[in-house]
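Please keep the sequence and the structure in view while reading.

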Amino acid sequence: SRRRQHRRIRIGEYDLDLDLSWKHEGAYLKWADKQRLNGPIAFDTLAIEHFLKPGDVVLDAGAKGIMVPAVSSAAEAEKIAQFCRYRPQGTRGLGLNLAHDHYAAGDPLETLKKANEENTVIIQIETREGLEEVEAIMELPGVDAAWLGHFDLTDSLGIPGQFDHPEFQSAVDRIAQACRKNGKAAGFLDMNPERVRNFRERGF
């Protein structure tokens, strides 16, 4: 196993000493190093590079959701969604009075219910395999949104960066339709204003 890590970081006017095991590094340090906050520290949806079963560690750290890259099957997406919600909707480990509930005591059942309602699971569709299962992925009750990874998807399709290619255009419509059919959000990020307008008109 990896050694425990000790790091001092500065967030706004606060100096924090962190003594963390390896499994907490990604949840705390990748986020904290990027922040410039004054006052209370808050998480929103957190993208993680390598999603393993300790996804609940990220949520316990205070994130309100996760974005998982390169999901290639409905089975994989279902496991991710399960890890992020408490029973009966999922299998997330139960830890209360932590960062995610502001270290406050309260009714455990209400806390679990609120967390299940508020947490967001975003699945990135950016491989040919993920595209082929996008309908099944978006049908999953624990998945809230699809995120189009357009550069990676074109690369996986063998047409890197060719956003006008008919195969990519068909993929865009397929993802949007799968989300629309299941009442899920469809997201993407692009710096091209024309493409942004076009994708928004198509349901993103």
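Arg 85 is placed in the loop between H3 and helix H4 (108–118), where helices (H or I, at least four residues) and strands (E, at least two) are DSSP runs numbered from the N terminus. With a relative accessible area of 7%, Arg 85 is buried; buried means under 20% relative accessible area, exposed over 50%, and partly exposed in between, with a 1.4 Å probe and protein chains only. A polar atom of the Arg 85 side chain lies 2.7 Å from the backbone oxygen of Asn 119, and a polar contact of 2.8 Å joins the side chains of Arg 85 and Asp 144. Such a polar contact is a pair of N or O atoms within 3.5 Å; within protein, one must be able to donate a hydrogen and the other to accept it, and residues adjacent in sequence count only if both atoms are side-chain atoms. Leaving out residues up to four places away in sequence, the residues that Arg 85 touches include Gly 90, Thr 91, Arg 92, Asn 116, Thr 120, Val 121 and Gly 142, a contact being heavy atoms within 4.5 Å.

The model is a predicted one, in which local features need pLDDT of at least 70 and side-chain atom pairs count only at pLDDT 80 or more, whereas totals for chains, interfaces and linings use all residues. Residues are numbered from 1 along each chain as its sequence is written, and side-chain values use heavy atoms, with hydrogens and water left out.

**Strands**

Strand pairing, which requires that DSSP finds at least two bridges between two strands, connects E4, E5, E6 and E7 in turn, as the next sentences set out. E4 and E5 pair in the parallel sense over four bridges, and the bridge partner of Met 67 in E5 is Ile 122. E5 and E6 also run parallel and are joined by four bridges; here Ile 122 stands opposite Ala 145 in E6, and Gln 124 has Trp 147 in E6 as its bridge partner. E6 in turn pairs with strand E7 (residues 185–187) in the parallel sense over three bridges, with Ala 185 in E7 as the bridge partner of Ala 145. Five of the six residues of E5 are buried, so this strand is largely enclosed by the rest of the structure.

**The nonpolar core**

The largest nonpolar core has 37 residues, of which Ile 123, Leu 148, Ile 175 and Phe 204 touch the most other members; a nonpolar core is a set of buried Ala, Val, Leu, Ile, Met, Phe, Trp, Tyr and Cys residues joined through side-chain atoms within 4.5 Å. The elements that give two or more residues to this core include helix H2 (55–60), strand E4 (65–68), strand E5 (120–125) and strand E6 (145–148), while H8 gives the most, with seven residues. Setting aside neighbours within four places in sequence, Leu 148 is in contact with residues including Ile 125, Phe 168, Val 172, Ile 175, Phe 188, Phe 199 and Phe 204.

**Salt bridges**

The structure holds seven salt bridges, each being a side-chain nitrogen of Lys or Arg within 4 Å of a carboxyl oxygen of Asp or Glu. Three of them are listed here.

| Glu 132 | Arg 174 | 3.5 Å |

Salt bridges that share partners join Glu 132, Glu 135 and Arg 174 into one network. Asp 173 is partly exposed at 38% relative accessible area, whereas Arg 202 is buried at 17%.

**The chain as a whole**

The chain has nine helices and seven strands, and 44% of its 204 residues count as buried. Among contacts with a separation of 6 or more, residues 24 or more positions apart account for 54%. The chain exposes about 11,800 Å², of which carbon and sulfur atoms supply 50%, the areas coming from the Shrake-Rupley method with a 1.4 Å probe and, for residues, only the protein chains shown counting as cover.
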